[in-house]
Amino acid sequence: MPGERVVIIGAGIGGLSAAVDLCARGMDVTVVERCATAGGKLSEIRTDGVGIDSGPTVFTMRWVFDALFAAAGASLDDHLSVRRSETLARHSWPDGSTFDLFADLERSVEAVGDLAGAAEAKRFRDFSKRAALIYRVLEDPFIKKAKPSILGLTLDIGLHRPTDQWSIMPYRSMWSELGSYFRDPRLRQLFGRYATYCGASPFKSPATLMLIAHVEQQGVWLVDGGMQRIPEALAGLVGTLGGTIRYGETCARIVRDGGRAAAIELASGERIEADAIIVNADPAAVAAGCFGADASLAVDPTPSRTRSLSAMTFAFTAEDIAAPLVRHNLFFSPDYVAEFDALHAGRMPEIPTVYVCAQDRADGDGPPRTNGPERLFAIVNAPADGDAHTYSTEEIETCRSRTFRSMERCGVSLDPRPETMAITTPDAFERRFPATGGALYGRTGHGWDGAFRRPGARTRMPGLYLCGGATHPGAGVPMAALSGRSAASAVMADRASTRR
């Protein structure tokens, strides 16, 4: 088995994690990446002479990467400089209220009491215990499982543990369950936003997503130099382990021979033979024929109605910011129901909730770590209609105006340097990630069984595998890494089985 060739299409976090595992096990690994840099959705925009994180900006579940590097005989700390953040996020509302959530649970309890009273602080403590329980129940049988099923999850949790079975609440919406904990609508809105981490709506997602609150409580890390250093570190480790990454190479099609995936053909016409192929891309692109007709039959299509959310993003610099920003900032819409009603109907919200990553703010209320313009990245949710709708200049300007007006309603006024602003729309995301409509998180997890509808690593074509944020266990930097490790394990297990 050692020395057998595995080709990985795409150098996102999932593909790079698979490459690290396979190289460490002695496989001959070649990664082909059509862009000039690694990272996939974890990307960086260069503007005004600086790099601005323009994809995922939150680094959690550090243990995933510690384990990945350790399995390759390396240490994360030797390749990446990270610091644990004390302030998880600052939240602001149009009524003038502001609330900081902290890594220290007791500080957060105290802050909830200051915002909404002692009774609400007690309910927040109960909510935190519940979020921790959901995570504990699901970590092994779902998050770490290669491809869980409803029956398998039930058996893994144990029929003799009805309390644990009931705790995950898959039949109750996140929004409804949050209402049983919080009387203050601001706190219900705050914790409901975690559904958008998966590109979903809190009104349609199961209450199990409350576990994300526990994930953040366990640690949010700040990456020195920006998030792009993560794929750079992984790519460097792949090279150290003997793997090859070929940038600027586009896979035109996956070749089937003898009923199994046998090679890829590049746009240049070059053919690369392989014993196994891993596609680090949205499964929708495979099903739509982006990698050839043969591969399209190996994966189920993703109906447009099941797509996760897309986004409108604004990367820019600004000078002399007087606003009290921390690294991660939320500016909430005054009407969450209306915001998601618009998104469900395929429209941009009139008053969107805005997330802003102030990338030169270290933690807390300290000054920016720069003497020049600050780097900022703002995101608002958008429908995944990029394959059916091209956003006009007027629509983009309307959205930009609404976005900055939402922040002003919450007491924060930013003055971006217009010449530095880079705006990305759902149709631009569709061009980067074809056949998705710009959906950034794969298939949405709406409904009690939505999380089980994401594909796992294996496909219907022997020798062809999937990984990335659109496959199980889901969206997010650590989840994409877990999917890559799952794909690598599937390759190794199937190759061993074939040999036997």
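Predicted model: local features only at pLDDT ≥ 70, side-chain atom pairs only at ≥ 80, totals over all residues.
Residues are numbered from 1 along each chain as its sequence is written, and side-chain values use heavy atoms, with hydrogens and water left out.

**Helix packing**

- Helices (H or I, at least four residues) and strands (E, at least two) are DSSP runs, numbered from the N terminus.
- Two packed helices are described by the angle between their axes and the distance between the axes. Those axes are lines fitted to C-alpha atoms, for helices over the stretch in contact, and the angles run from 0 to 180 degrees between N-to-C directions.
- For helix 2 (residues 62-71) and helix 11 (residues 229-240), the packing angle is about 15° and the axes are 11 Å apart. That is why helix 2 and helix 11 are roughly parallel (angles under 35 degrees; over 145 is roughly antiparallel, 65 to 115 roughly perpendicular, and the rest oblique).
- Helix 2 brings Phe 65, Leu 68 and Phe 69 to this contact, and helix 11 brings Ile 230, Ala 233, Leu 234 and Leu 237; contact here means heavy atoms within 4.5 Å. Sort the residues of the contact of helix 2 with helix 11 by class and you get seven nonpolar, no polar and no charged. In this scheme Ala, Val, Leu, Ile, Met, Phe, Trp, Tyr, Cys and Pro are nonpolar, Asp, Glu, Lys and Arg are charged, and the others, Gly among them, are polar.
- Helix 11 also packs with helix 1, at an angle of about 25° and with axes 9 Å apart. Helix 1 and helix 11 are therefore roughly parallel too, and helix 1 passes helix 11 in a left-handed crossing.
- On the helix 1 side of that contact sit Ile 13, Leu 16, Ser 17, Ala 19, Val 20 and Cys 23, facing Ile 230, Pro 231, Leu 234, Ala 235, Leu 237 and Val 238 of helix 11. The class breakdown for helix 1 with helix 11 is 11 nonpolar, one polar and no charged residues.

**Salt bridges**

- The count comes to 32 salt bridges, each one a side-chain nitrogen of Lys or Arg within 4 Å of a carboxyl oxygen of Asp or Glu.
- Arg 485 pairs with Asp 21 in a salt bridge, with the closest N and O atoms 2.7 Å apart. Arg 485 is in helix 17 (residues 477-499) and Asp 21 in helix 1 (residues 13-24), so the pair ties together parts 464 residues apart in sequence. Asp 21 counts as buried at 3% relative accessibility (buried is under 20% relative accessible area, exposed over 50%, partly exposed in between, with a 1.4 Å probe and protein chains only).
- Asp 387 and Arg 307 form another salt bridge, their closest N and O atoms being 2.7 Å apart. This pair links distant parts of the chain, 80 residues apart: Asp 387 is in the loop between strand 18 (374-382) and helix 15 (393-409), and Arg 307 is in the loop between helix 13 (293-296) and strand 15 (310-318). Asp 387 is partly exposed at 43%, whereas Arg 307 is buried at 15%.

**Backbone and loop spots**

- The peptide bond from His 472 to Pro 473 is cis, with omega near 10°. Pro 473 is in the loop between strand 20 (464-467) and helix 17.
- Met 61, a residue other than glycine, has a positive phi near 50°. Met 61 is in the loop between strand 5 and helix 2 and is buried, at 6% relative accessibility.
- Asp 320 isn't a glycine either, yet its phi is positive, at about 50°. You'll find Asp 320 in the loop between strand 15 and strand 16 (328-331), where Asp 320 counts as exposed at 78% relative accessibility.
- Pro 56 is in the loop between strand 4 (50-53) and strand 5 (59-60) and is partly exposed, at 31%. Leaving aside neighbours within four places in sequence, Pro 56 is in contact with Lys 41, Leu 42, Met 227 and Val 477.

Conventions
Left-handed = near helix turned anticlockwise from the far one by under 90°.
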